[in-house]
Amino acid sequence: MRQVACGATVGWKTGGMTHAATFFDEMLSGAEGARDPYKVYYDWFENEDLKRLRRKSVDAETFFRKIGITFNVYGQEEADERLIPFDIVPRIIAAREWAKLERGIEQRVRAINAFLYDIYHGQEILRAGRIPRTLISGNEAFCPEMIGVNPPGGVYTHICGVDLVRTGEDDFYVLEDNVRTPSGVSYMLENRETMLQMFPELFTQLKVRPVSSYPQTLRRSLSASAPGSSPNAAPVIAVLTPGIHNSAYFEHAFLADQMGAELVESHDLQIVDGRVAMRTTQGYQTIDVLYRRVDDDYLDPLTFNPDSLLGVPGIMDVYRAGNITIANAPGTGIADDKALYSYLPDIIEFYTGEQAILKNVPTWRCSEPDALSYVLSNLKDLVVKEVHGSGGYGMLVGPAASKKEIAAFEAKLRAKPANYIAQPTLSLSTVPILSKSGLAPRHVDLRPFVLVSPNKVEITPGGLTRVALKKGSLVVNSSQGGGTKDTWVLGD
Amino acid sequence: MGDDMKLTITHKTTYDYDTPVHYALQKLRLIPRTGHGQTVLNWQTEINGGEKQVTFDDQFVNHTELVKVTPGTTRIEIISTGEVEVHNQNGVIGQHNGYAPLWLFEEATAMTAAGNQIRHLASLVRQETADLDDVARLHHLSKAILSRVTYETGQTDSTTTAEMALSAGHGVCQDHSHIMIAAARVLGYPARYISGYLFMDGYDQQDATHAWAEIWITGLGWVGFDVSNGISPDGRYVRVATGRDYSDAAPILGIRQGVGAENLHVSLQVQQ
């Protein structure tokens with residue numbers, strides 16, 4: 001929540017190999033030209049004037065500035081408001097490819113919700129010995145205050161952002177399951193809006209599945225998870241923001257506006273008649289669903305951090321009494337913890353009886369002595385991440401690190417091995433961006449947005465494609481200079 | 001002492017505020033449960049100057065109430081009254097209830113984190129009790145704590161940690177319980193905090209609730225240890241709330257917006 005696009009950072013592949021030999025280019029296949037999903041677009045592009053396109057690219061930036069999508073870069077105080085660069089070449093996904101991703105994501109998200117229910121109730125998965133107890137018991141993301149809570153409709157992760165990367169034609173990997181308060185959806189919507197304005201002709205030539213209904217779907221999905229006991233005729237939804245200084249404030253305001261929900265801050269809320277209510281000009285209005293963009297720790301000073309000024313004192317009590325829905329539920333972080341990540345295939349099997357459809361990136365858990373010794377002897381080839389870190393901070397990208405950096409990291413790793421996991425550097429796929437000299441391949445990842453309600457899992461076709469704008473870079477985080485692209489899922 | 005008892009309890013807590021309250025909440029864990037050797041015959045909470053908002057069982061299955069102080073008021077009174085029949089089980093409470101896993105009670109909390117003093121005490125007790133069974137070892141620990149930390153009011157407060165109290169050498173039942181819990185956890189036992197009432201013959205008027213520890217012993221389940229009185233709870237003890245430490249089981253926990261001081265007064269009668 002601290003940043004717009006938190007999380008996914010993979011390695012950095014160097015070594016002087018030619019680009020085409022190493023990476024999967026989603027648009028162009030060496031021998032055959034444009035791949036199937038890109039054929040129409042590529043023909044169009046070939047007939048376009050490069051100068052005109054570059055002008056469009058500048059227009060897009062102006063458009064973004066006008067609507068005010070800004071983003072605070074952590075560690076760069078002087079650059080308080082900065083634009084995330086937008087690239088006008090879309091990323092295109094075929095219907096068949098998307099169908100498989102959709103099945104895989106739904107399976108994963110259902111398993112995560114079953115896991116969260118279990119871990120805060122009978123803990124059958126621990127009794128069955130499928131995941132080690134120490135993974136939960138020593139974990140700060142486990143929230144004892146959630147033990148025995150039954151969230152309305154049984155939903156824990158109303159909104160998820162599953163980070164995917166691709167390494168080949170049919171090779172997609174899940175990098176992270178962001179099930180706390182994933183951000184970035186406003187970029188998905190604005191990117192599409194921009195593309196529709198700039199290139200309407202493309203949307204008549206190609207059947208691109210729309211994303212614009214996301215706010216309405218979000219509203220419907222949250223309403224379906226409202227507590228049954230509400231005095232309101234229709235569920236009232238509010239978005240709780242830490243305030244204007246938060247890096248994702250724009251998104252909070254944007255989503256509230258698009259959903260037709262109130263944007264509220266701590267000081268707008270009180271407990272009234274056993275429910276959370278917001279101050280309005282007509283007195284206090286009961287809230288049924290609070291889409292909170294405030295971290296667990298700050299959510300309720302009576303229950304969690306007593307010094308928090310961003311939360312709602314007593315909301316956990318109202319929640320436990322069944323009088324409000326908190327989206328996402330507190331304590332969901334235990335499911336997207338990086339140490340737990342490597343057990344996701346087991347978790348999926350345990351709760352669904354099925355094999356995981358989407359692959360996990362192979363992960364070494366440094367808490368295990370064998371894994372640790374492997375990692376220590378291969379640091380220069382691996383990506384090492386902090387178990388609780390996010391946003392690409394506090395990690396080592398072996399191939400890109402200097403000897404000195406590796407040595408410093410090794411000391412940290414030896415001191416607290418359980419704090420780290422390691423993964424191989426993946427050969428991330430590329431999609432071209434519009435560079436000065438025309439199309440130039442750059443690495444990408446994908447964050448589809450998933451909405452969970454009591455009866456269904458809905459995935460907006462596409463999501464946020466993040467692109468590493470620097471040549472050769474695999475770091476797509478917006479906090480580290482990444483950009484975004486519109487993502488097109490083609491209809492059948 | 002070995003008999004069953006029927007106890008009548010009147011517990012009145014008063015907060016006086018310097019300035020009228022703008023917005024304040026009080027979370028109450030004041031309602032005893034039937035079970036584990038006690039039967040609640042009747043119980044009620046009366047609130048003057050506040051309004052009950054919600055009632056629920058928390059993560060440790062404590063009956064909990066959230067109360068909002070009436071805006072503009074300068075005093076709230078919370079009066080719990082009821083009768084409880086207690087069966088003397090010689091401190092053996094037995095089976096574990098609820099979803100909170102036992103391992104949760106093996107983990108240190110902020111108030112029960114072991115520092116050098118606690119670790120030293122635990123290792124000493126480990127050596128001294130190598131030949132003893134669990135119950136005897138834990139009674140030994142309880143005595144060791146009482147001999148190092150004399151019962152003295154006014155020296156510690158509700159934020160004092162186990163380590164601080166052991167270093168200071170004095171404290172109240174809350175501190176004794178925290179040290180017992182912290183040391184028992186170092187020795188590998190799940191341990192929890194109990195807040196409740198104690199009948200004291202000849203002391204009709206009390207000015208504070210009582211607290212003790214329960215330790216999980218394989219084969220017996222939860223077993224109570226009242227360090228301050230050097231015994232295991234019997235028919236005079238009414239269990240009210242439980243948790244990993246005081247902050248989980250506190251009878252009253254509040255939050256208040258605005259300035260001004262508050263004055264707390266407790267009047268408690270536990271009668272036969």
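Axes are lines fitted to C-alpha atoms, for helices over the stretch in contact, and angles run from 0 to 180 degrees between N-to-C directions. In this predicted model, helix H1 of chain B packs with helix H4 (residues 173-186) of chain B at an angle of about 60 degrees, and their axes are 9 Å apart. Angles from 65 to 115 degrees count as roughly perpendicular and those under 35 as roughly parallel; H1(B) is therefore oblique to H4(B). The crossing of this pair is right-handed. On the side of H1(B), the contact involves B:Ile118, B:Arg119, B:Leu121, B:Ala122 and B:Val125, which meet B:Ile179, B:Ala182, B:Ala183 and B:Val186 of H4(B). Of these contact residues, 8 are nonpolar, none is polar and 1 is charged.

Helix H1 (residues 116-128) of chain B also packs with helix H2 (residues 134-148) of chain B, here at an angle of about 135 degrees and with the axes 10 Å apart. These two helices are therefore oblique to each other, and their crossing is right-handed. B:Leu121, B:Val125 and B:Glu128 of H1(B) form the contact with B:Arg137, B:His140, B:Leu141 and B:Ala144 of H2(B). This contact comprises 4 nonpolar, 1 polar and 2 charged residues.

In chain A, helix H14 (residues 344-352) has A:Leu344, A:Ile347, A:Ile348 and A:Tyr351 buried. These residues lie on the same side of H14(A), because they cover an arc of only 100 degrees around the axis. An α-helix has 3.6 residues a turn, so residues three or four places apart point the same way. The buried residues of H14(A) pack against helix H4 (95-119), helix H13 (338-341) and strand E13 (359-360) of chain A. Just after H14(A), A:Gly353 adopts a positive phi of about 75 degrees.

Conventions. Residues numbered from 1 in each chain as written. Chains lettered and ligands numbered in written order. Predicted model: local features only at pLDDT ≥ 70, side-chain atom pairs only at ≥ 80, totals over all residues. Helix = DSSP H or I, 4+ residues; strand = E, 2+ residues; numbered from the N terminus. Parallel < 35°, antiparallel > 145°, perpendicular 65-115°, else oblique. Left-handed = near helix turned anticlockwise from the far one by under 90°. Contact = placed C-beta atoms within 7 Å. Nonpolar A, V, L, I, M, F, W, Y, C, P; charged D, E, K, R; others polar. Buried ≥ 20, exposed ≤ 12 C-beta atoms within 10 Å, placed from the backbone. Arc of directions from axis to C-beta.
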